[in-house]
Amino acid sequence: MTIVEPRKRGDASDGTIGSRLSRFDGRLKITGAATYALEQPVEGLAYAVLVQTRVAAGRVMKVDTAKARAAAGTLLVLTPDDDLGLKVASDWYGNRPEDQPYHPLSPAISFNGQAVAAVVCETLEQATEAARLVDVTYEEASAIIGFDDSEAGEARSLDALTVSWGDAEAALATSPVRIEAEYRTPREYHVAIEPHGLVAKWQGDQLTIWEPSQWTHGMARTYAEWYGLPYENVRIVSPFIGGGFGSKATAYAYGAVATAAARKLGRPVKLAVTRPQTFTAYGGRAATRQTIALGASADGVLQSIVHGGSSETATYADFPEQTNAATPLMYAVDNFRAKHSLVSVNTVMPGALRAPGKNPSAFGLESAMDELAYAVGIDPVEIRLRNYAERDPQSGKPWSTRRLREALFEGGKAFGWSRRSFAPRSMRDGRQLVGWGVACGTFPVLRASSEALIRILADGSIEVVSGAIDMGQGTYTILAQTAAEVLGVPPERVDVRLGDSSLPGATVAGGSMLAGAITGAVHKAASAARDELIGLALADAASPFRDTGANTLVVANGFVSVPRDGGLSVSIPELMKALGRESIETQRNTLPEGEQGPDGHKKAWTTMGSIQGPTAGEFSMHSWCAHFVEVKVDEDFGTTRVTRMVSAFDCGRIYNPKLAESQWRGGIIMGIGQALLEEGLVDQRNGRIVNNNLGDYLVATNADIPPIQVISVGIPDLNASVLGGKGVGEVGIVGVAPAIANAVFHATGKRVRDLPITLEKLL
Ligand code: MCN
Ligand code: MOS
């Protein structure tokens with residue numbers, strides 16, 4: 001006899017929301033069964049390779065293509081002289097200049113590594129060789145290499161990013177305790193394991209693009225606008241993605257080049273961005289610098305914050321890496337001023353990298369709070385509690401949920417913070433100096449229109465269909481759990497189809513907003529499908545439930561049943577058969593009607609224009625965390641190892657703890673890399689990124705990572721999302737670098753204010 005254990009709600013196997021299911025795509029990715037964009041078996045491919053500038057500023061005077069054209073296998077050479085017939089597309093927010101031509105291969109040179117020509121050949125090897133034969137003549141201009149270049153102009157202050165209340169300067173001047181320091185972060189890069197690229201195929205004026213995408217609908221819009229096509233004519237296919245971290249949410253110039261080449265040739269074209277090109281084909285996190293002045297009473301109560309910061313941007317477009325993104329939110333203070341400025345340099349336009357803005361902002365603020373703690377002689381956890389913001393200081397709105405106090409408490413308890421001795425250099429382990437540091441982090445809750453389709457099929461299985469994507473964060477799995485819970489089937493019976501812009505619209509997998517948005521849509525659609533099934537079962541003339549006299553039914557374990565002992569119970573397939581139905585289909589939006597966005601649905605999910613910020617409603621909504629770090633610093637060599645970490649999070653309700661924990665750890669690991677290793681090195685002579693490969697651009701590896709304990713202290717926040725979850729993916733990295741810098745100070749007595757914390761800064 002076999003005893004079948006009943007499934008318990010919430011355990012690993014039960015598959016409902018909150019259970020610790022492993023990722024459905026995990027096995028496919030590990031075994032190679034998952035097909036990435038560049039592995040698509042498309043017939044008749046030609047191969048494109050980009051030619052990049054070797055200077056950082058100036059103009060392309062001439063491109064000699066004779067040798068490249070004569071080379072074996074060359075089909076096409078594109079240069080700035082070719083008018084590709086494209087028009088500038090809308091920006092993220094949906095704003096579009098009227099009828100402006102777009103030249104993805106521009107003669108105007110804005111940065112070293114910019115693509116100025118492309119070669120298309122029968123094979124990749126031929127194209128690589130032919131690209132080498134393209135001879136570009138430049139008129140070189142003097143370039144602005146970075147922030148510190150004497151040629152760099154005045155930082156341009158962005159009024160929209162200035163935040164102020166009270167009289168910050170006056171209050172600072174009269175504060176009994178004042179500290180002020182400058183903090184810096186270098187250029188950082190995404191280095192996703194799957195590099196970028198695409199396969200583009202035209203059939204008439206229908207364009208199919210296999211390209212890794214954090215936002216199939218947004219990218220389809222861009223391509224459609226470049227070519228003046230109806231949105232529906234472009235299809236982005238992206239079922240599996242090897243990481244994006246913010247870099248795969250938009251279409252880039254190389255995509256325009258590859259699609260244009262495919263159109264000109266009348267043949268599908270593959271363009272694989274090489275690893276070195278991933279440092280210039282799109283931008284990483286901008287370098288930042290910020291000055292923070294804190295004024296406080298002798299017992300560490302803040303009286304004023306004056307914060308000025310700036311980030312590098314390109315000469316041709318702006319992306320602010322907002323150094324004051326976290327400052328107005330974290331602590332109660334009556335007098336506040338913070339502004340952010342941009343400095344244009346000859347770089348590719350920087351972009352979003354895990355927790356844009358909040359990340360460098362927290363590095364400055366959370367380092368400064370530690371400095372204040374030492375200036376007044378108060379424990380770094382205590383000073384955070386003493387200045388705890390009970391409501392959002394900027395908007396004045398109440399927090400929807402803010403369990404940061406609980407995070408500090410639970411995290412500190414698990415870490416053993418109470419055993420810490422206050423003085424720097426007071427803890428040792430043999431020749432190693434031991435330091436314990438703490439810092440907090442936050443990321444806003446963003447809400448956006450997103451739709452999902454549910455199908456109950458005749459065989460009782462369920463289909464979940466949406467254009468949302470999964471780049472490894474767990475979308476497939478949490479959507480299967482959501483549908484399984486509502487429709488009472490095991491998650492293996494749910495088939496989730498994602499990653500295709502021809503499927504129902506969804507917002508970007510960015511800003512930690514996708515999970516909340518799309519679980520809500522699936523939950524609503526599945527509930528509607530269940531209700532429809534029950535309605536049919538009660539009312540349809542052919543239904544076996546007609547004569548039961550029941551006025552309601554339950555759906556569970558794959559059966560529809562009268563909810564009383566011994567009542568009729570019919571499996572979903574039998575019921576579907578009796579009803580003569582092939583499927584039941586429902587589609588729902590996660591947002592209430594009236595909030596779903598302007599200009600119909602399409603605009604809502606192809607631009608960021610209708611996204612609702614954290615204070616759009618009556619509350620201020622954010623995720624929160626507290627990181628506790630132990631470092632050991634070798635006094636002789638100056639090497640820093642993170643030896644132990646505990647981080648506690650308030651991200652509301654957790655859909656899948658196993659995946660959320662993995663997300664938090666992933667963010668923390670990137671934070672450790674940021675603190676100790678990551679730094680894009682710029683050649684001061686020519687503005688080139690020198691360490692443009694995984695051998696020289698150091699990221700954290702397994703050997704760098706200690707045990708990381710993560711704790712959830714969140715409670716469901718039903719203002720944040722349909723199911724009560726807040727964002728998980730980005731908050732994990734926020735506050736890690738300052739926690740490590742603070743621990744290094746505690747270990748060594750040395751305050752490192754510019755990342756990464758390398759050994760020469762400690763000797
Ligand atoms: N989750 C949960 N409970 C919640 C919220 C989320 O269990 N309340 C889990 C789910 O498994 C969900 C995941 O956390 O799939 C991430 O959810 P969310 O915070 O909503 O983030 P998005 O789905 O919008 O994903 C984007 C986010 C961002 S912006 C970056 S950057 C990032 C990140 O996710 N890049 C990643 N995590 C990444 N993970 C991987 N493996 N690869 C990347 O490139
Ligand atoms: Mo995340 S940087 O918003 O994709």
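1. E630 is a buried residue: its relative accessible area is 10%. This falls under the 20% cut-off, so the residue counts as buried. The model is a predicted one. E630 belongs to strand β28, which covers residues 622-634. Its side chain makes a polar contact with the side chain of W436, at 3.0 Å. Setting aside neighbours within four places in sequence, E630 is in contact with F415, V434, G435, W436, R641, V642, T643 and R644.

2. Next, the sheet that contains β28. Five strands make an open sheet, in the order β19-β20-β28-β29-β30, and the pairing is mixed. Its edge strands are β19 (427-429) and β30 (708-712), and each of these pairs on one side only. From one strand to the next, the twist averages 25 degrees.

3. Another is α16, which touches β19, β20, β28 and β29. The direction of α16 makes about 155 degrees with that of β20.

4. Past α16 (736-748) comes a feature to check. P756 sits in the segment after that helix. The peptide bond from L755 to P756 is cis, with omega near -5 degrees. For background, most peptide bonds are trans.

5. The largest nonpolar core has 87 residues. Those with the most contacts inside this core are L294, L372, F628, V631, W664, I740 and I757. I757 touches A675, L676, I740, A741, V744, V752 and L762, not counting residues up to four places away in sequence. Another core lies apart from the largest one; it has 47 residues, among them A509, A529, V570 and I584. In soluble globular proteins, nonpolar side chains tend to be buried together.

6. Strands β24 and β25 (residues 559-561) run antiparallel and are joined by 3 bridges. V555 stands opposite V560 in β25.

7. Now the ligand. How many residues surround ligand 1? There are 32, and the closest are G244, R653, Q663, V728 and G729. A polar backbone atom of R653 is 2.7 Å from a nitrogen atom of ligand 1. A backbone N or O atom of V728 lies 2.7 Å from an oxygen atom of the ligand. For L514, a backbone N or O atom lies 2.9 Å from an oxygen atom of ligand 1.

8. F245 has phi near 55 degrees, a positive value in a residue other than glycine. F245 is in the loop between β14 (234-237) and α6 (253-265). A355 is not a glycine either, yet its phi is positive, at about 60 degrees. A355 is placed in the loop between β18 (335-344) and α8 (358-376). Most residues other than glycine have a negative phi. Are these two residues buried or exposed? F245 is partly exposed, at 28% relative accessibility. A355 is buried, at 0%.

9. E211 is another buried glutamate, at 2% relative accessibility. E211 lies in a loop, between β13 (206-210) and α5 (216-227). E211 and V199 are 12 residues apart in sequence, and their C-alpha atoms are 6.7 Å apart in space. Leaving aside neighbours within four places in sequence, E211 is in contact with A37, G197, L198, M219, Y223, I236, V237, S238 and Y254.

10. Last, strand β3, residues 74-78. Is this strand mostly covered or mostly open? β3 is mostly covered: 4 of its 5 residues are buried. β3 runs antiparallel to strand β7 (residues 115-121), and 4 bridges join them. L78 stands opposite A118 in β7.

Key:
Residues are numbered from 1 along each chain as its sequence is written. Chains are lettered from A and ligands numbered from 1 in the order in which they are written. This is a predicted model: local features need pLDDT of at least 70, side-chain atom pairs count only at pLDDT 80 or more; totals for chains, interfaces and linings use all residues. Side-chain values use heavy atoms; hydrogens and water are left out. Two strands pair if DSSP finds at least two bridges between them. Helices (H or I, at least four residues) and strands (E, at least two) are DSSP runs, numbered from the N terminus. A nonpolar core is a set of buried Ala, Val, Leu, Ile, Met, Phe, Trp, Tyr and Cys residues joined through side-chain atoms within 4.5 Å. Buried means under 20% relative accessible area, exposed over 50%, partly exposed in between (1.4 Å probe, protein chains only). Contact means heavy atoms within 4.5 Å. A residue is near a molecule or strand if one of its heavy atoms lies within 4 Å of it. A polar contact is a pair of N or O atoms within 3.5 Å; within protein, one must be able to donate a hydrogen and the other to accept it, and residues adjacent in sequence count only if both atoms are side-chain atoms. Axes are lines fitted to C-alpha atoms, for helices over the stretch in contact, and angles run from 0 to 180 degrees between N-to-C directions.
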